[in-house]
Amino acid sequence: MLIDLHNHSCLSPCGSLEMSPARLVEEAAARGIGMLALTDHNAGDNLPAFAVCCRRAGIVPVYGMEVTGREEAHLLCLFGDLKTAVRFGYEIYENLQTIPNNPDRMGDQIIVDEDENILGELEKHLAGGAVEF
Ligand SMILES: [Zn+2]
């Protein structure tokens, strides 16, 4: 089985606006990937859409995040359970340093549903600061 455990969606400022969870899953399916993780920076708001897209495509989902620690290390955090991952994402975002995102300079941070409808965007810059507990 092909496995890919490090991917960003349009929620990550480094990810392209076109890279919705639906598009990510579609491209993974075309490459024959059987297990796929979504690991956006410091937030998990696109994980529910990712779960639906994986179910539709018959891909085993892994719910994740790329968390920036205080020492600037990027930690890939992976969960088998959607609810736990989403809850973890809210906690990470809440404890992320507040650096306002500027979409023009830093990139978009878009939350979408499984059909690529825009649900909102996150205001703190997700790849800028560190998480402080
Ligand atoms: Zn990454």
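Student: Leaving aside neighbours within four places in sequence, which residues is Leu-11 in contact with?
Tutor: Leu-11 is in contact with Asp-40, Ala-43, Asp-45, Asn-46, Asp-108, Gln-109, Ile-110, Ile-111, Leu-122 and Leu-126. Contact means heavy atoms within 4.5 Å.

Student: What kind of model is this?
Tutor: This is a predicted model, in which local features need pLDDT of at least 70, side-chain atom pairs count only at pLDDT 80 or more, and totals for chains, interfaces and linings use all residues. Residues are numbered from 1 along each chain as its sequence is written, and side-chain values use heavy atoms, with hydrogens and water left out.

Student: Back to Leu-11. Where is it found?
Tutor: Leu-11 is in the loop between β1 (2-4) and α1. Helices (H or I, at least four residues) and strands (E, at least two) are DSSP runs, numbered from the N terminus.

Student: Is Leu-11 buried or exposed?
Tutor: Leu-11 counts as buried, because its relative accessibility is 0%. Buried means under 20% relative accessible area, exposed over 50%, and partly exposed in between (1.4 Å probe, protein chains only).

Student: And how far is Leu-11 from Gln-109 in space?
Tutor: Their C-alpha atoms are 4.1 Å apart, although 98 residues separate Leu-11 and Gln-109 in sequence.

Student: New topic: helices. At what angle do α1 and α2 pack?
Tutor: At about 30°, with the axes of α1 (residues 21-30) and α2 (residues 47-57) 9 Å apart. That makes α1 roughly parallel to α2. Angles under 35 degrees count as roughly parallel, over 145 as roughly antiparallel, 65 to 115 as roughly perpendicular and the rest as oblique. Axes are lines fitted to C-alpha atoms, for helices over the stretch in contact, and angles run from 0 to 180 degrees between N-to-C directions.

Student: Which residues make that contact?
Tutor: On α1, Pro-21, Ala-22, Leu-24 and Val-25; on α2, Ala-49, Phe-50, Cys-53, Cys-54 and Ala-57. In the contact of α1 with α2, nine residues are nonpolar, with no polar and no charged ones. Ala, Val, Leu, Ile, Met, Phe, Trp, Tyr, Cys and Pro count as nonpolar, Asp, Glu, Lys and Arg as charged, and the others, Gly among them, as polar.

Student: What about α2 and α3, at what angle do they cross?
Tutor: At roughly 155°, with their axes coming within 10 Å. That makes α2 roughly antiparallel to α3. Leu-47, Pro-48 and Ala-51 in α2 meet Leu-82, Ala-85 and Val-86 in α3. The residues of this contact of α2 with α3 are six nonpolar, no polar and no charged.

Student: How many residues does the largest nonpolar core have?
Tutor: It has 30 residues, and Val-25, Leu-36 and Phe-50 are among those with the most contacts inside it. The largest share of this core, five residues, comes from α2. A nonpolar core is a set of buried Ala, Val, Leu, Ile, Met, Phe, Trp, Tyr and Cys residues joined through side-chain atoms within 4.5 Å.

Student: What does Val-25 touch, not counting residues up to four places away in sequence?
Tutor: Val-25 touches Leu-36, Phe-50, Cys-53, Cys-54, Ala-57 and Ile-59.

Student: Last one. Where does Asn-42 lie?
Tutor: Asn-42 lies in the loop between β2 and α2. At 0% relative accessibility, Asn-42 counts as buried.

Student: And Asn-117, where is that?
Tutor: Asn-117 is in the loop between β5 (110-112) and β6 (118-121). Asn-117 is partly exposed, with a relative accessible area of 43%.
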